[in-house]
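Please read it alongside the sequence and the coordinates shown here.

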Amino acid sequence: MNQISLKIDRELFTERAKRIYEAVKKPVLLMLGKRSDIKTFGRNSAGFNYLMGVELTETCILIRETKPLIFTSVKKQSILQQLGDKVETSFFNKDAGSSLLNCVNFLTEEYGVIGVDEPIGQLCEELLSRIKYVKVDESILRLFRMKDKVEQDNLRKAGIIANNIMPKIIDLIRDEEGTKENFERVLYSKMPGVETSLAEFMYDPVFTSNSVKFGLRYNGYCIEAGRKFLGDYTEEYEILNYILDLIKPQTDSKYIVEEVEAYCNSLGYKHDVFIYTLGLLEKENDFAEEFILEKGTSFVISIDGCFTNTFILEDKPIFVTKRDFKEDYLPERMRFRNKDMAYERKLKLNDHQKELINKLIDDMLKYHTLNKTEKVETGAQSKVKITKYENDANIPRSNKIHLDQDNQYVMIPIGSFSVPIHISLIKNVAVSSVPEGSKLRINFKDSKDIREYLGYGMFDSFLKSVSILTNNSESVQMGINQMKRLYNKPELNVKQTGKLIEKKRYVWSDLQIKVDQKSGLKKVIADLELHENGFKYQDIYFLFSDIRKVFYQFSDFEKLALVHFNLKEPISVNGKATYNLQFHRKPHNFYHDTTKRENEHLEFLKEQEEEDRLFRLNKEISNFVEKLESETSLKPQLLENSFTGSHHKENVSIYITNDCLVSLDEHPFFVLYLNEVEIINFERISFSTKTFDCIFVMKDKTKPVKIVSSIDLSHHNHLKLVFDSMNLVFMETVVSINWKALLGSIMEDPIGFYENGGWAELMVDNEDEENEEDISDEESSMSTSSEDELEDTTVESDDSDMSNESSSALSDSDYNSSSADNFSSSVDNARHSKHFKM
């Protein structure tokens, strides 16, 4: 975690202020108004960055022959103290009613100013109206063109980043994953030799199917880079080399433009060529403006707006962006580098998946052969328990609706009888207003649902609902819903843990706790103590032997710093069973002022204070984790790599660890151990959807499948590689599957299911892929455009097949067969109709 620290180089400030005065030969006034008025890449902003490396709002810098004079608010006094006696300062207090305009009293001469023609805001415009000034933009831009060693170093670091991300961005575009989110993810990935947090895009990358251009700003200094690919760009490289031969120190820029134009016309090249300098500004001077090139000048050569390179002029132009060659972007080279290698990786992945599915089938056949048992009950069937009344005398009598909480019955008065209806048979309850009062309607499940839920049913029920007039409809509705929640809540048997040997070895203080259920511990702040054989938090303790996994997460402005314990067996916390214990420091309410009304310096100090707090907190977590690793057998796992999906109701961050998928930021917690997963299915994979679902089928088929839905399609290939590296079998389907019915069908005859190929029925049809490979090899000499047309035709054909055969898509009835043979037959039909796809 990097701390934000604002440092001003005193000697560099003095040296550059002197350069500005010598370049203009008169006092120069640089000014910035309110933050909302500051123009991105404005000339005054560039002047502030040139001198101090930071833009100070509502500030004027008067550069003169003697010490520079700075007018600013008193709240920036602490920042300017770094300049010491190198400057004179004059502060105004906005709280006392004064403003930047008070500096007019000191400005009695004529001053050079820059950026007057740009939007500078009302405050600076009013200031200019009260003083005498002359525009000196040309002299300042001439100074900006010549970069010193520090500036050149920033440009070269920007070039390192651009060269690193260019091939990755091209791959994203070719994979049709060219989104702003993916581009920024590539930009801020770790790179040796540079601090990527100091970089940003000048503008969103501009791209087509065979070109890309982007601008980077590193520590205030700009470069641009762009490439065409999948084509023959001989002419562009010839023009570039011709221009570079012309550019030398002391050359007239306009002469270069004229020579390039004549060269292109003589060869009949129809290309637009742009040459201009850049640095602190995204564009300083166009070469057509006629100036003399000097050493240290940084400039851009852009052909057709997308084939773009940045250079620094020494004795000859030096590439800042990567120097490559036309052969690197020919279709044959690009196809070999990208398509063929990707295809080889896909073949290896498919071969590995074949090995895994064969091993899985063999293992499951051995398991079910050695453990032949009666029909395994799945889902709700295994948990339904109904307590029956022994005789009529035990039924509570009442002329009103009565809730028997002990036996979980709803007593409904019908005539002179109280009819007991078990809570498991009630679908839902509704309340409506009628002229006579309020009406309570109790809707019942139909016979099919009852048989599926209970596992039996002797006769069909034709009673759909009962409506009753009552004065307390809402309270009865709440009571029935509460009873349903209690009944459907899974039973957790809390086992007695061993005894804690109290001997403090480490204390992490002032923590809050979260458990599976929201409890009264939300406002409790206490210490987490590490003892001889476990942990203690107030009167809650748990032993090392109870812990299955430990996860931890560092904090930033969006994420909470936490340590999370997942237990093997639940323990009791406030009378409720929990598998999870999460400890974290109370979150700090940090905000960013988007209205720009708050004082900028105050906002900066708050941000710096928050950064310092997060740094200290992350250091505490690091120390705690190091203590666990050194003094216990626990191996905490860092939550770092994630994707976005929904395991409950809202999209959250799902983290991938060595052997788990977890989501711990919000309730309910989600912890999935991948060694308990038999197979993974990617559902709703098609060209027409932007998201897909990930279904995890457990080895223990009495457990329901785990679902992570609404995953962005851009994560699809990455997840396949991750799961394959973990030796997990996966498959893909275009449609969603009724997993409850399917697993019930499988468990009726598991041996028959696996003997008939099991999940291999849903794996990719490799014969089609081999045919596509042969076609691809035969057409390897085709042009890029022809190859793209062939791929588009293939995609359209697949979509057409799916559309024409949509009537044969898998429905719930396909999985309601009574044997594994019927299931295999329905899967086989679906597979041949291309409704299942790898």
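E332 is found in helix α10, which spans residues 331–370, helices being DSSP runs of H or I with at least four residues and strands being DSSP runs of E with at least two, both numbered from the N terminus. The model is a predicted one, in which local features need pLDDT of at least 70 and side-chain atom pairs count only at pLDDT 80 or more, whereas totals for chains, interfaces and linings use all residues. Residues are numbered from 1 along each chain as its sequence is written, and side-chain values use heavy atoms, with hydrogens and water left out.

**Surface charge**

- With a relative accessibility of 47%, E332 counts as partly exposed, a class that lies between buried (under 20% relative accessible area) and exposed (over 50%), as computed with a 1.4 Å probe and protein chains only.
- E332 also belongs to a patch of negative charge on the surface, where it gathers with D232, E235, E238 and E327.
- Such patches are made of residues with over 30% relative accessible area and no salt bridge, like charges being joined within 9 Å and nonpolar side chains (Val, Leu, Ile, Met, Phe, Trp, Tyr) within 5 Å.
- For the charges themselves, Asp and Glu count as negative and Lys and Arg as positive, while His and the chain ends are not counted; the place of a charge is taken as CG of Asp, CD of Glu, NZ of Lys or CZ of Arg.
- The accessible areas come from the Shrake-Rupley method with a 1.4 Å probe, and for residues only the protein chains shown count as cover.

**Salt bridges**

- The structure holds 30 salt bridges, each defined as a side-chain nitrogen of Lys or Arg within 4 Å of a carboxyl oxygen of Asp or Glu.
- One of these joins the side chains of K549 and D659, with an N to O distance of 2.9 Å. Because K549 lies in strand β25 (residues 547–553) and D659 in the loop between β30 (652–656) and β31 (660–663), the pair ties together parts that are 110 residues apart in sequence.
- The two partners of that pair fall into separate accessibility classes: K549 counts as buried at 19%, whereas D659 counts as partly exposed at 26%.
- E678 and K701 also meet through their side chains in a salt bridge, at 2.4 Å from N to O. Here E678 lies in strand β33 (residues 677–683) and K701 in the loop between β34 (691–698) and β35 (706–712), so the pair ties together parts that are 23 residues apart in sequence.
- Both E678 and K701 are buried.
- The side chains of D693 and R684 form a further salt bridge of 2.9 Å, N to O, in which D693 counts as buried at 11% relative accessibility and R684 as partly exposed at 22%.
- A network of salt bridges links E15, R16, R19 and D148.

- In helix α7 (residues 180–187), the buried residues include N182, F183, V186 and L187. These cover an arc of only 140 degrees around the axis, which puts them on the same side of α7, the arc being that of the directions from the helix axis to the C-beta atoms.
- K180, E181 and R185 are exposed on the other side of α7.

**Backbone geometry**

- H667 and P668 are joined by a cis peptide bond with omega of about -10 degrees, and P668 lies in the loop between β31 and β32 (670–673).
- E58 is not a glycine, yet it has a positive phi of about 50 degrees; its place is in the loop between α2 (43–52) and β2 (59–63), where E58 is buried with a relative accessible area of 14%.
- S710, in strand β35, likewise has a positive phi, near 55 degrees, in a residue other than glycine, but S710 is partly exposed with a relative accessible area of 29%.

**Contacts across the sequence**

- G226 has its place in strand β10 (residues 221–228) and is buried, with a relative accessible area of 0%. Its C-alpha atom is separated by 9.6 Å from that of T310, and G226 and T310 are 84 residues apart along the chain.
- E282 is placed in the loop between β11 (273–277) and β12 (298–303) and counts as partly exposed at 34% relative accessibility.
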